[in-house]
Amino acid sequence: MAARIIVYLGPWPGRFSDLLTDFCAEHEYQLEVPEGSEAVHAVVNRSLPSCLVLDGEEDIETALTLCAELKKDHFTAIVPVVILIPANENELTADCLAAGADEVISADDSVREQNLRLQLVVRRAQRDVAVHPTTRLPGTGQIERNIGDRLAGGEEFAVCYADLDNFKEFNDRYGYNHGDRVILLLSRILRDVVRGLAEDGFVGHIGGDDFIFIVTMEYLEPCCDEIIYLFDELVPYQYTEEDRRAGYFLGKDRRGSIRRVPLMTLSVGVVTNQIQPFTHTAQVSELAAEMKTYTKSLPGSVYAVDRRRPLPDDTGRS
């Protein structure tokens, strides 16, 4: 699950110390107070907190700049940002909203109103159906939007559909809590690798154990290679020592028959517009799903790129 953390950047102790301390105690959040913008970036990327509060009383320009930077990044834009502004400076509200702030709280507001505004911004983020509640990654709507933007920009790119093999059987044996841990592990691998290697890369969570990551062509191979390497290194430690050593466990298939269930592997089906043109997002998602199904028929953790060429009388399908 997403970390229950409130991050605050500003003077500590300061005017809003009691507000944040009381809010976190009442709603069972952990409060983190990093020093400086770089430290905030590190915390936000590491933990994806429930909310970031920026104190603009002493340094509004730093607050505005940091907010704008986080909101321009696919990976950190989902974190709600609250900016605190001085009393009698309500004209700053528009500047904060223009920078991407989700809420603006003034020192003029009563303590009760300040508390309620913090509650509302956190609740809105929790209700946001565009973000998966377990991984905090963008959902199908934002995935389609990202593909559409790349198509409109004439960019050559790869859409990679990642899916776990033998996940259902793992869930049946170890329980959904452990299953959620594996989902979170995979989301972190995808997010960290794509963010670290692919400029302007994107990672989304369709649901369950299905993920999409989108990169430009130059980053396709290094990202897929690194993702599969890390997954194969880390996933065995989600099993008991006995199952890990054996490399399998005995479980039931969909027909109820007992069989050896191997350790989970990762299948990544890849489609690109380098060989055949894409005309709309539905076509991309359909082809990516086809490639994922094909890749799951291959042994081990693997990625496969669709290199089929469209037929002369085709409309983009091959």
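**Figure 1. Classes of residue around the largest cavity of this predicted model.** The lining of the largest cavity has 5 nonpolar, 1 polar and 2 charged residues (Ala, Val, Leu, Ile, Met, Phe, Trp, Tyr, Cys and Pro count as nonpolar, Asp, Glu, Lys and Arg as charged, and the others, Gly among them, as polar). Look here for H74, F75, I78, R136, L137, P138, R191 and V203. The volume of this cavity is about 30 Å³, and the count comes to 1 cavity of 30 Å³ or more. On a 1 Å grid over the protein atoms alone, a cavity is a set of points where a 1.4 Å probe fits but cannot get out, and lining residues have an atom within 4 Å of a point. Points are joined across faces, edges and corners, and the volume is the space filled by probe spheres set on them.

**Figure 2. Where helices α2 and α8 meet.** The axes of α2 (residues 37-47) and α8 (residues 176-197) come within 10 Å and cross at roughly 140°. The two helices are therefore oblique to each other (under 35 degrees is roughly parallel, over 145 roughly antiparallel, 65 to 115 roughly perpendicular, the rest oblique). V44, N45, R46 and S47 of α2 are in contact with R188, R191 and R195 of α8 (heavy atoms within 4.5 Å). This contact has 1 nonpolar, 2 polar and 4 charged residues.

Figure 3. Most residues other than glycine have a negative phi, and most peptide bonds are trans. Helices (H or I, at least four residues) and strands (E, at least two) are DSSP runs, numbered from the N terminus.

**Notes.** Residues are numbered from 1 along each chain as its sequence is written, and side-chain values use heavy atoms, leaving out hydrogens and water.

Definitions and conventions: This is a predicted model: local features need pLDDT of at least 70, side-chain atom pairs count only at pLDDT 80 or more; totals for chains, interfaces and linings use all residues. On a 1 Å grid over the protein atoms alone, a cavity is a set of points where a 1.4 Å probe fits but cannot get out, and a pocket is an open set with protein on both sides within 12 Å along at least five of seven lines; lining residues have an atom within 4 Å of a point. Axes are lines fitted to C-alpha atoms, for helices over the stretch in contact, and angles run from 0 to 180 degrees between N-to-C directions.
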